[in-house]
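Let's take a walk through this model together. Have the viewer open and follow along as we go.

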Amino acid sequence: MESAWRASPTAPQMPPWTRPFAQTIDQAKKYVVSSTLEHVDWNAELLAGDLQIAIRGLKRQPGRGLYVGGVQLPLALAEFGLIDEYEFIIQPRVVGHGPALFAGLSQHVEPALVGHKEFSSGAIALRYVPRSATV
């Protein structure tokens with residue numbers, strides 16, 4: 001993420017439609033989960049210790065929620081039952097390779113659609129909550 005979105009004078013020119021996201025992600029507080037990194041920057045904090053305890057602590061803090069990216073972290077959080085809302089953003093690009101999101105999940109999650117948004121770029125954001133949260 002950092003190499004693609006961090007503002008830098010040497011970064012390649014971004015298409016205009018990507019700039020609002022780039023500015024937002026550049027300024028956002030970030031938490032990094034890693035078993036190999038010892039130091040992070042780019043307005044980030046390295047989470048250490050028990051992941052479940054660390055995430056529960058972050059969820060108790062005031063704010064507008066936590067956004068999670070990657071493949072392994074969302075899988076771990078789903079296994080712990082720590083995801084309150086799923087937001088999938090479908091980009092208008094088919095690449096034909098890459099990791100499968102939630103591959104290896106031990107139990108099915110059957111979320112309920114609670115919202116969606118279409119963007120001028122052709123991307124679509126779909127918001128879901130676990131069905132137990134909709135009852």
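Two strands count as paired if DSSP finds at least two bridges between them. The helices (H or I, at least four residues) and strands (E, at least two) are themselves DSSP runs, numbered from the N terminus. With that in hand, look for the open sheet of three strands, in the order β3-β5-β4, with antiparallel pairing. Its edge strands are β3 (86-90) and β4 (111-118), each of which pairs on one side only. Neighbouring strands here are turned by 20° against each other on average, direction ignored; for such angles, axes are lines fitted to C-alpha atoms, for helices over the stretch in contact, and values run from 0 to 180 degrees between N-to-C directions. As a reminder, strands of a sheet pair through backbone hydrogen bonds, either parallel or antiparallel.

Before going further, a word on provenance. This is a predicted model, where local features need pLDDT of at least 70 and side-chain atom pairs count only at pLDDT 80 or more, while totals for chains, interfaces and linings use all residues. Residues are numbered from 1 along each chain as its sequence is written, and side-chain values use heavy atoms, leaving out hydrogens and water.

The protein chain has a mean of 87, and 94% of its residues reach 70 or more. Confidence is highest in β4, at a mean of 96, and lowest in helix α5 (residues 131-134), at 67.

Back to β4, then: β4 and β5 (residues 124-130) pair in the antiparallel sense over seven bridges. Along that pairing, Pro 111 stands opposite Pro 130 in β5.

Now hop to the loop between β3 and β4, where you'll find Leu 101. Leu 101 counts as partly exposed because its relative accessibility is 42% (buried means under 20% relative accessible area, exposed over 50%, partly exposed in between, with a 1.4 Å probe and protein chains only). Leaving aside neighbours within four places in sequence, Leu 101 is in contact (heavy atoms within 4.5 Å) with Gly 70, Val 71, Pro 74 and Phe 88.

Finally, check some backbone torsions. Most residues other than glycine have a negative phi. Trp 42, in the loop between β1 (30-33) and β2 (44-47), has a positive phi near 65°. Asn 43 lies in the loop between β1 and β2 as well, with a positive phi of about 60°. Trp 42 counts as buried because its relative accessibility is 9%, whereas Asn 43, at 38%, is partly exposed.

Key. pLDDT is the predictor's confidence in each residue, from 0 to 100.
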